[in-house]
Amino acid sequence: MRASVKRLRGSAFPVLQCALAAGLAWWIANDLIHHPNPFFAPIAAVVSLGLSLGARLRRSVELLAGVTVGIGIGDLLISQIGTGAWQIVLVVLLAMSTAIFLDGGPIISMQAGTSAVLVATLIPPERGGGPDRMIDALIGGLVGILVVAFVPTHPVLRARQNAAAILGTAGEVLQLVADGLVENDPEPIVKALQKARDTQSSIDGLRSNLIGGREISRVSPLYWNSRERLARLSATADPIDNAMRNIRVLARRSLTLVRDDEILDPRLVDEVEKLAQALEVLRRMMLADPGEKPDQADAARVLRSVAAGAKAELVENAGVSATVVFAQIRSLTVDLLQVAGLKRISAIATLPPTVEHPYYPPEQ
């Protein structure tokens with residue numbers, strides 16, 4: 001029940017937007033333009049918005065293109081060959097093939113197919129409605145865009161929450177790994193690895209919400225001033241994704257290390273714990289409003305102290321798994337410093353050198 005309520009709460013605003021858009025599209029098409037039964041206007045509005053906040057403008061364009069292709073081909077063929085099973089096969093085949101040829105998006109091809117079916121069955125050309133239905137689709141798509149512009153979700157809030165949740169989970173994963181290494185117990189690390197693997201859907205959600213946020217910041221006058229902040233947040237998506245990938249590798253090698261009973265320098269475990277604590281600072285940074293603490297400078301300061309301890313001496317005479325864990329700690333630190341606002345080269349330069357002549361010289 002808690003999961004269901006959480007899921008509903010997360011989708012409540014997109015559902016409200018779809019409902020408002022559907023009602024408004026019907027009112028415009030039926031009451032203002034006086035189209036009889038303009039069922040496709042609310043359908044177009046709902047499909048163009050959807051529950052996902054990403055790529056709504058593209059969905060609207062694909063929807064309108066699909067309707068145009070489906071109705072155009074349907075009207076042209078059905079008026080000549082009549083209706084029936086084989087006619088439906090031919091019309092859908094041609095409509096979807098044409099849509100795919102024009103654009104590979106899934107909505108345009110499916111909408112072309114369903115529009116062609118409707119033309120061939122419910123509203124064949126002799127009963128009229130073709131041009132009206134295209135106008136209804138246009139109304140629905142435009143209403144969807146207007147709802148995004150004037151009843152928008154916050155373009156940054158959802159993505160911030162996504163990013164903070166991922167960083168929070170990453171901190172929990174590293175703490176479990178550290179516990180397993182200290183106790184020489186594989187069970188916490190197995191739990192950590194499962195948690196890390198389960199974050200991919202959250203990362204996909206983060207990227208989707210960033211796309212949606214960029215669309216909102218472009219079309220909604222209410223949030224034009226959020227573009228700079230959204231750009232900074234968008235720059236963290238790849239480093240967060242890379243960080244979770246490195247954490248998964250770190251957890252897998254830590255599990256091997258424990259199972260093989262490999263010798264481990266305790267300072268390496270300290271580095272893992274420090275990274276877990278730094279991730280909590282990053283999580284709070286992501287949720288902080290402009291001017292609040294912790295900010296990027298605070299997070300970078302904590303991570304620099306972690307980087308300073310990632311010295312090659314931690315894995316002198318160590319086994320393969322310990323060396324891999326050490327390498328992942330360094331890579332992960334670079335990823336997280338980029339989340340904190342550093343450029344990649346600057347982040348790499350915070351690490352103590354492991355070779356005599358590093359490609360990126362360390363900071364002085």
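User: In which loop does P294 lie?

Analyst: P294 lies in the loop between α12 (266-287) and α13 (296-309), a helix being a DSSP run of H or I of at least four residues, numbered from the N terminus. The peptide bond that leads from K293 into P294 is cis, with omega near -5°. This is a predicted model, in which local features need pLDDT of at least 70 and side-chain atom pairs count only at pLDDT 80 or more, while totals for chains, interfaces and linings use all residues. Residues are numbered from 1 along each chain as its sequence is written, and side-chain values use heavy atoms, with hydrogens and water left out.

User: What makes D261 exposed?

Analyst: The relative accessibility of D261 is 52%, so this residue counts as exposed. D261 belongs to the loop between α11 (237-259) and α12, and its phi is positive, about 55°, although D261 is not a glycine.

User: How do you know which class N30 and A165 belong to, buried, partly exposed or exposed?

Analyst: N30, at 24% relative accessibility, counts as partly exposed, and A165, with a relative accessible area of 46%, is partly exposed as well. N30 is placed in helix α1 (residues 2-32) and, leaving out residues up to four places away in sequence, touches H35, N37 and P38, where contact means heavy atoms within 4.5 Å.

User: Why are α9 and α10 called roughly antiparallel?

Analyst: α9 and helix α10 (residues 227-234) pack at an angle of about 165°, with their axes 10 Å apart; the axes are lines fitted to C-alpha atoms over the stretch in contact, and angles run from 0 to 180 degrees between N-to-C directions. Angles over 145 degrees count as roughly antiparallel, and α9 and α10 are therefore described in that way. The contact is made by L210, G213, R214, S217 and R218 of α9 together with R227, L230, L233 and S234 of α10.

User: What makes a group of residues a nonpolar core, and which members of the largest one touch the most other members?

Analyst: A nonpolar core is a set of buried Ala, Val, Leu, Ile, Met, Phe, Trp, Tyr and Cys residues joined through side-chain atoms within 4.5 Å. The largest core has 65 residues, of which L174, L282, M286 and L336 touch the most other members. A second, separate core of 19 residues includes A44, L63, I78 and A116.

Technical notes
Buried < 20%, exposed > 50% of the residue type's maximum accessible area, 1.4 Å probe, protein only. Helix = DSSP H or I, 4+ residues; strand = E, 2+ residues; numbered from the N terminus. Parallel < 35°, antiparallel > 145°, perpendicular 65-115°, else oblique.
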